[in-house]
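The entries follow in the order in which I made them.

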Amino acid sequence: MTLHAVNSRIGREYVVRRLRAVGVALGIAAALVAGRGWANDQPTADDVTALRTQAVAEALASAAPSIVQIETVGGDERVEGQRVAVGPTTGVVVRQDGLIVTSAFNFVHNPSAILVTLPDGRRFAARRLASDRSRMLALLKIEGAEGLSPATAASLADVRVGQTAVAAGRPFEPDQLVQSQGIVSALGRFGGKALQTDARVSPHHYGGALLDLSGRTLGVIVPLSPTDNGAMAGADWYDSGIGFAIPLEHVYAVLPRWAEGHDLLPGLAGFRLNSNDPLAGPPTLSEVRPGTPARRAQLRAGDEVLAIDGQPTTRVGLVQAALARRYAGETVSLTVRRDGAERTAAVDLVDAIPAYRHPLLGVLPGAEALPTGVAVGGVLNASAAQTAGLQTGDVILAVDGQPISDRAALEAALAEHVAGEDCLLGIRRAGQSLEIRAVLDEAPAEGSVLASEAAHAVAADEKPAAARPPVGRLRTGPEEGAERYELFVPESFSPGAGLGLVTLLFDKQPDLDGAPLEAWRQACREQRLALLAAWPAEEKWSPDDLTSLQTTWRALQERYKIIPARMAVCAEPQGARLASLLAFGPTAGGVRGVATVGAALSVPRRENEPQTRLWLHQLPTPTAKGKSLSDAAAALEQRGYWVTTTALESDEGLLGDAARAALVRWLAVLDRL
Amino acid sequence: MIQHAFGCRRRRRWLALLAALCVAVLCAATRPVSAADDTVAANSVVDRVAQWQARIVKIRGAGGLAGLEAYQTGVVISAEGHIVTALSYVLEADDLSIVADDGRRLHGELIGADPQLEIAVLKVEADALPAFELSSSANVEPGAEIWVLSNAFGVATGAESVGAQRAAVAGITRLRARRGAFPTAYEGPVLLLDTVTSNPGAAGGAVVDRQGRLVGLVGKELRSSLTNVWLNYALPAREVAEAVDAIRAGRRRAAPSAQQSLPSRGHATAALGLTLVPSVVPLTPPYIDAVAPGSPAAAAGLMPDDLIVLVESELVQSCAALETELARVDAGAPVQLTVRRVDQLLTVTLAPPPTGPGGAP
């Protein structure tokens, strides 16, 4: 073995180690004395291999004291349908007072006890102090262990792709290190969270150390997957030559906070980008929802993200990566360009962005369309509006200083807020202008909200207009010759006042001349609603009915000036799925309220959006499975939708008195804001 | 801690600087490093791999259905045609076809097998076959570079040589593995490799060190009973050599003594005065539910809610494992238990329960 060989074949890192091993002075002296004689002395491959083997052995020996064995007692035998490993695993000592970091994978089976065995055989009970759900690590604490050796972190700045990396674990005996040799294959994986290595790693090494040739710890070995976030994600890539390690340097950086026992979670900013394609650029915020950190930092849709924490973000992928490695609780600085001007916003990242839920002001817009502004047709009891002193007859002219031209503008302005925030209303009351500050409420989850006054009642002095489309009981349908539905338009209909439309989906054709349906017609007269009664053409509802209903609606909306905020569908059990499709399906739109009697609504995957409002209402009957309805309600709630429930005491359909009464109460305030 | 690491780095930087200086001096004194250094790879091993490949045979036999491959690898261990390979269904063929490295197709006869190690010795009619010397003294250390020669996936046919892999010995440990739900018969030492050998057809391949010594035989595909993943391992030459010697001598090797002979009467929780929580799932943790007054457990100070984690020095991961481990300790002798109580491990010794006409305490 010669130093020449060392230099030319293995490189600086090894020279450093060798020099340290034999003593620097000795090394130089030897080199100087022996130097000339090496000119023609070719080192052999055996020399190189011997040196490499020795270097690896020394690296392992130097890191060995900080690598400990972990065992578990109890726990689940299967996780996500897979049998889990309960054999010993490995951890890395990171602080002298007994902190040990390991892969969270080692505890997916949720054991009752965790034991740590030091290389010298001493065993300790460990406590799970905290987890890192962003990097799939766990932090353990053992008490009373003297003489612990925390691992020395390799400085990432010095790590190069191609350098030797050795995975080390203690999967068998606590005093035996099992190794796997390879190289650093890539840096900055998963947005900078992980290193990649081609060393074969498996559950034998998860939680163990990936070492450099100096025995410094590059990282803690974990299974990770680019596509999956589950507890077992990435483990199926074991021994594939694609392994990952979380840089120990990063662990040390976050350790002071982590050691306090707070779980580390991925940090979320709460905006959407113009594209999901990492290569797309320039990255622009496409949506900044109310109630999110980005919103609180005054970011807006349309802002172009120029840099994050000073690092230029020219492409979507760079923004995704810069955020992927950040934890909740941290603050990132976003530099954005808006209207040609640059600004910097400090965004406090959070661990969860709940689905958007519309706040409730608690007013019913008046039926009359004004040239500008929205008249308050009614104020809901115990609402934000009532607390703030809004009155029926007030005209809302502005919200937060922005003029309100019509109902849609008011809806949009309120959708810029979440419950708990306040908004400033510009009001005209009896010819006077005033400003009212209202703190917006959550929409109540249980029961319907009663209006203080009937907002949609026909004014007594209203006279039917001369020219108007037909009223009363009519046959209608998607096209001429297919008049499958019965429409009822109140005789008092006047095109100027607008009209709501409720569609009743009966399981089978009802008695069109019977008293129950007549009672619905009477209620619709009072509530200024058109009524569309529909039932399946054949035995069951078919997908064609969806199109057929939507086509019919479009025609009616045009003919009778239907107010979109007063469009509702009420379904009997067989129509619940059709009603859900009308609410959430790919062609959904235009419906404000969806109610089901005796059946649960289907729960959509997509969450509530600020720009679409839906109010869902379920009426469980004694035979309907209460649990499926309440589960659906909970799931819909979680997705941000307004959901209310009215339990019926008997098994009835839409024609039942109690069902009708409950639905009419709901319809009366369907367009509440 | 971070400061400590940083300090270290600083020191290394300084060392690196010195090293660089030293290297500069060397380079000045010697001829410049050039491409000619690649001839350093006038590599003794690379020159010899072909010789090693020549000592490996491709075996074709029974199988070929239902995902059972009809091929595996064998290692020639005598010039007159002895071959060691894995004992498997592949050998259960009337016409066992052995294809030598030079493409010769030979008929293999099964001489004998060792069911413990699951290896077999075959014989072909040939002379002057290139062969490894199977020596029980060919030891290898963890970390050593080794070469694996096997016909994984049966890719080599005819006169094609089997494939070679370069790897290191990851560790040497006792085999704790299972095939399906059943533990393997062999529980002795194995070489763990840091490359993938758990592939169809690789079993029976050679593990060779840089000196060209046969240090191991690639084992059959097994899952680790500890981690549930496929193991990459080889049977050490010493074990293989002993088994092969016995087979060739027509000797039946004594079955290894049962790991630990069970005492006629072992300890049990009930006799020690321990009631555990009901064992409802396979890994129910052995929490103490109650301790009988006056019992050995009570005398040792064990308490409800203590979690028993060790019997003597054996980890017990479940209620069932606790009973098994207790049964291994003679009931006439004291037994040591370690419990976890509020994040502390306590080790206590329980006196043997009194035995009388009544038996139980």
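Predicted model: local features only at pLDDT ≥ 70, side-chain atom pairs only at ≥ 80, totals over all residues.

I picked A:L248 and listed its contacts, leaving aside neighbours within four places in sequence. A:L248 touches A:V94, A:A151, A:T152, A:A153, A:T217, A:L218, A:G219 and A:V220.

**Entry 1: a helix in chain B.** I went to helix α6 of chain B, residues 319-327, and asked which of its residues are buried. They are B:C319, B:L322, B:E325 and B:L326. Seen down the axis of α6(B), these buried residues fall within an arc of 125 degrees, so they line one face of the helix. I next looked up what the buried residues of α6(B) pack against: α4 (269-272), β16 (274-276), β18 (307-311), β19 (314-315) and β20 (335-341) of chain B.

**Entry 2: strands in chain B.** I looked at an open sheet of 3 strands in chain B, in the order β10-β9-β14, with antiparallel pairing. Strands β10 (182-183) and β14 (223-224) of chain B stand at the edges with a single partner strand each, so one side of each has no neighbour in the sheet. Strand β9 (residues 177-179) of chain B is joined to β14(B) by 2 bridges. I noted one of the pairings: B:R178 has B:R223 in β14(B) as its bridge partner.

Strand β4 (residues 96-99) runs antiparallel to β5 (residues 105-114) in chain B, and 4 bridges join them. Here B:S97 stands opposite B:H107 in β5(B). The hairpin of β4(B) and β5(B) has 5 residues between the strands, and B:G103 takes a positive phi near 95 degrees there.

Strand β5(B) is also joined to β6 (residues 119-124) of chain B, antiparallel, by 6 bridges. B:G112 has B:V121 in β6(B) as its bridge partner. The hairpin of β5(B) and β6(B) has 4 residues between the strands, and B:E118 in the turn has a positive phi of about 60 degrees.

**Entry 3: salt bridges.** How many salt bridges does the structure hold over all chains? I found 40.

The side chains of A:E330 and A:R257 meet in a salt bridge at 3.3 Å, N to O. A:E330 lies in the loop between α8 (316-324) and β19 (331-338) of chain A, and A:R257 lies in helix α6 (residues 248-258) of chain A, so the pair ties together parts 73 residues apart in sequence. A:E330 is buried at 18% relative accessible area, whereas A:R257 is partly exposed at 29%.

In the second pair, the closest N and O atoms of A:R326 and A:D309 are 2.4 Å apart. A:R326 lies in the loop between α8 and β19 of chain A, and A:D309 in the loop between β17 (304-308) and β18 (311-312) of chain A, so this pair ties together parts 17 residues apart in sequence. A:R326 is buried at 16%, and A:D309 is partly exposed at 34%.

A:E637 lies in helix α14 (residues 626-638) of chain A and A:R357 in the loop between β20 (341-348) and β21 (363-365) of chain A, so the pair ties together parts 280 residues apart in sequence. I also noted that salt bridges with shared partners join A:R473, A:E486, A:E491, A:D513, A:E518, A:R521 and A:R525 into one network.

**Entry 4: one residue.** Is B:S150 buried or exposed? B:S150 has 5% relative accessibility, so it counts as buried, the cut-off being under 20%. B:S150 lies in strand β7 (residues 145-150) of chain B. Leaving aside neighbours within four places in sequence, B:S150 is in contact with B:T73, B:V162, B:G163, B:Q165, B:A202 and B:G205.

Terms used
Residues numbered from 1 in each chain as written. Chains lettered and ligands numbered in written order. Heavy atoms only, no water. Buried < 20%, exposed > 50% of the residue type's maximum accessible area, 1.4 Å probe, protein only. Contact = heavy atoms within 4.5 Å. Salt bridge = Lys/Arg side-chain N within 4 Å of Asp/Glu carboxyl O. Pairing = 2+ DSSP bridges. Arc of directions from axis to C-beta.
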